[in-house]
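Have a look at the picture, then read on.

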Amino acid sequence: MGRTKEFDHEEVLHAATLVFWQKGYEATSMAELLQAMNISRSSMYETFVDKEHLYLQSIEHYKRLGEDKRSELTRASSARQGIRAYFAKHIDGAFNPSSPRGCLITNAIAALDAPDEQIRDIVQKRFEDLGEAFYKLLQKGQDSGEIAADRDIRTLSYLLLNLNHGINIAAKVDSDRTHAEQMVESVIDML
């Protein structure tokens, strides 16, 4: 009879997510993952199959962590308020001193030589979904008259998407969050 797993799946997955977030897929070794997760090699393979499957589960875990932030875009009463609320949470996360700087998804996008097509597809979909969420909120703003009808909201949504990922990159090298906050306000003023 096999041993019963004696660890909290979400806690162990979160530990692996932090390692991937900090180091990236390619630079993360199995030894580093096992040490962070504090489980045996056999438990890792029985539970997560291999490094690639663990990475996929880590991305899904990370996405669940960000759903509250993303919901700011869908539940906003106005486009500007939703964008401001989204980026306030985003900046809090990107500059959080208790987690790796930046964003796991942005890091994965920057290294799109990911190990397989499934990972590339997940990252690409996450990128596109956020752009679409920005677009729908801007469209709502245009429909309400908050945003002028002649504004190209497809381009503006792409600008917001790139601002999102730009903040993630900047957070890795610049610890002054006020620069990111000022960029967001400048973009909101352009709407």
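Is N164 buried or exposed? N164 is buried, because its relative accessible area is 2% (buried means under 20%, exposed over 50%, partly exposed in between, with a 1.4 Å probe and protein chains only). Keep in mind that this is a predicted model, where local features need pLDDT of at least 70, side-chain atom pairs count only at pLDDT 80 or more, and totals for chains, interfaces and linings use all residues. Residues are numbered from 1 along each chain as its sequence is written, and side-chain values use heavy atoms, with hydrogens and water left out.

N164 sits in helix α9 (helices are DSSP runs of H or I with at least four residues, numbered from the N terminus). E146, on the other hand, is in the loop linking α8 (117–144) and α9 (153–173). Here are the two side by side:

| Residue | Relative accessible area | State |
|---|---|---|
| N164 | 2% | buried |
| E146 | 24% | partly exposed |

Who do they touch? Contact means heavy atoms within 4.5 Å. Beyond neighbours within four places in sequence, N164 meets Y86, F87, H90 and L130, while E146 meets S78, A79, R80 and G141. R80 is 66 residues from E146 along the chain, yet their C-alpha atoms are 8.3 Å apart.

Now for the nonpolar cores, meaning sets of buried Ala, Val, Leu, Ile, Met, Phe, Trp, Tyr and Cys residues joined through side-chain atoms within 4.5 Å. The largest has 29 residues, and I83 and F87 are among those with the most contacts inside it. Two or more residues come from each of α6 (79–94), α8, α9 and α10 (177–190). A second, separate core holds 27 residues, including Y25 and M44.
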